[in-house]
Amino acid sequence: MPKPINMPKLSDEMTEGKIAEWLKKQGDEVKAGEVVAQVETEKATLDVEAFEGGVLLAVVVQAGETAPVGRPIAWIGKAGEQVPDQPAAPAPQPDAAKEAKAGGEISKESTQPVAPAQATPPAATVPAPPRPPPSAPAPAGAGRATGAPSPQGAEGRGGAAAEKPAPGTFTGRVPASPAARKAARERGLDLSRLKGSGPGGRVVLADLEQVPRAAPAAAAGAPAKKRRELPPRRALHDESLPLSPMRKAIARNLGVAKPGAPHFYLEISADLRRLVSLREQLEELGEGPVSLNDLVLKAAAETLTRHPEVNAAWGGDAILRRGAVHVGMAVAVEEGLITPVLRDADRKSVLEIARLSRDLAKRARDRRLKPEEYQGASFTVSNLGMFGIDAFYAIINPPEAAILSVGAAQKVPWVDEATGEIVAMERCRFGLSGDHRVIDGAVGARFLQTFKAVVESPLRLVAAP
């Protein structure tokens, strides 16, 4: 009897998922435990495994389409078996109350184990597909063009369109991992010209690494000329873009934060000369690059241990002081924003934070974070300094009490307090957005005052983890 592969629940807040890619096509033999598809959730792309072996009889949710948790996305069984064409049971409904309660999706600490990326219930207890499956095997990806229109299908088409693959790269006909697709877009490579070494000829990141990189445009030894290039002009036209799962999460959570959480804003400027010197000395150790942002993350963690009232959350009917310092770091990704979490950041060395932040940021951009790696922050740092932004105020990640905004490090004329002379000093402006339900302006001001002292006397950051 054919068994369904259902849309798995891959995180505590997940109510639906979008099929990013099918790694098997109808008619393929599948082994138990083998990865058959990848599902795009709000924050990550995760694998879906077959719970038992057989033949993939039908794919009922095509790549780019969305399905609720528990809904069959494919059927597996013996060759020649017919899959059900009528629902065997009502489709499981998302837990609306739980979804409404999950206001802090980005920062809320999950207390439940993460569901494995695996299809689970047997056929007798699961719902049937929302529409009849194709009657004959079709090439992978063919369903994108031929699938009947539906609400989910409409989103799926938009999701696929939102990927905006470069001409000749990923079009659904070339099986490739998300990381490989992203790397190919960045390098301008045509995936159809690569031979994949992954399962079923799937192009993986290692295949791209075999392709020689283009020679640098400038001749070796020639002085680098800094050019300020503008983005290309683009044709403008009216359009309505469906929301990606990540954009839905951002809209839901930040809609809760503002105006739900009454924000107040503070700003302080700090001298970065000693922080820059410390970074240079740490890099001389040869244990990998250390960025100013790594030092800022460590400085924020150090400051939170001295102001536990800021390391807190709004609990509805109580203020929740957190017993650990988990610093979230905002990372811009292709479809929005995600905040990987440096757990126990106050207990980690600067070099550990540098290594972890690089790893988390890379996997965030590849959508390879596990839910527990981007949930449960007690405070967040958002940095737009790399874009030359002088200063800004970020929106709080609910239910956290505050978020630190980091502007660009800039050399500015400044009166040296020691000499009274005007000197060119490297400084940075830091903004704090606070939830007035949890902390007051004076609490936030004392936090920034301590933070400035830590940044301007940064040896304490390496004196102890």
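What does the accessible surface of the protein chain come to, and what percentage of it belongs to carbon and sulfur atoms? After that, please zoom in on how H8 and H9 pack, and on the loop residues Arg 367 and Glu 335.

Modeller: The accessible surface is about 23300 Å², with 55% of it belonging to carbon and sulfur atoms (Shrake-Rupley method, 1.4 Å probe). Bear in mind that this is a predicted model, where local features need pLDDT of at least 70, side-chain atom pairs count only at pLDDT 80 or more, and totals for chains, interfaces and linings use all residues. Residues are numbered from 1 along each chain as its sequence is written, and side-chain values use heavy atoms, with hydrogens and water left out.

The protein chain has 12 helices and 19 strands (DSSP runs, H or I of at least four residues and E of at least two, numbered from the N terminus). Of its 465 residues, 47% are buried (under 20% relative accessible area; exposed is over 50%, partly exposed in between, 1.4 Å probe).

Now the helix pair. H8 (residues 292-306) packs against H9 (residues 350-365) at an angle of about 120 degrees, with the axes 9 Å apart. So H8 counts as oblique to H9; under 35 degrees would be roughly parallel, over 145 roughly antiparallel and 65 to 115 roughly perpendicular, with the rest oblique. From H8, the contact is made by Asp 294, Leu 295, Leu 297 and Lys 298, and from H9 by Val 350, Ile 353, Ala 354 and Ser 357 (heavy atoms within 4.5 Å). By type, the residues of this contact are five nonpolar, one polar and two charged.

H9 also has a loop of interest on either side. Asp 344 has 25% relative accessibility, so it counts as partly exposed. Arg 367 is found between H9 and helix H10 (371-374), and it too is a non-glycine residue with positive phi, near 55 degrees. Arg 367 counts as buried because its relative accessibility is 13%.

That brings us to Glu 335, which has Arg 367 among the residues it touches, along with Glu 40, Ser 244, Met 246 and Arg 247, leaving aside residues up to four places away in sequence. Glu 335 belongs to the loop between strand S13 (331-333) and strand S14 (336-338), and at 19% relative accessibility it counts as buried. Arg 247 is 88 residues away along the chain, yet its C-alpha atom is 7.0 Å from that of Glu 335.

Note on methods
Axes are lines fitted to C-alpha atoms, for helices over the stretch in contact, and angles run from 0 to 180 degrees between N-to-C directions. Ala, Val, Leu, Ile, Met, Phe, Trp, Tyr, Cys and Pro count as nonpolar, Asp, Glu, Lys and Arg as charged, and the others, Gly among them, as polar.
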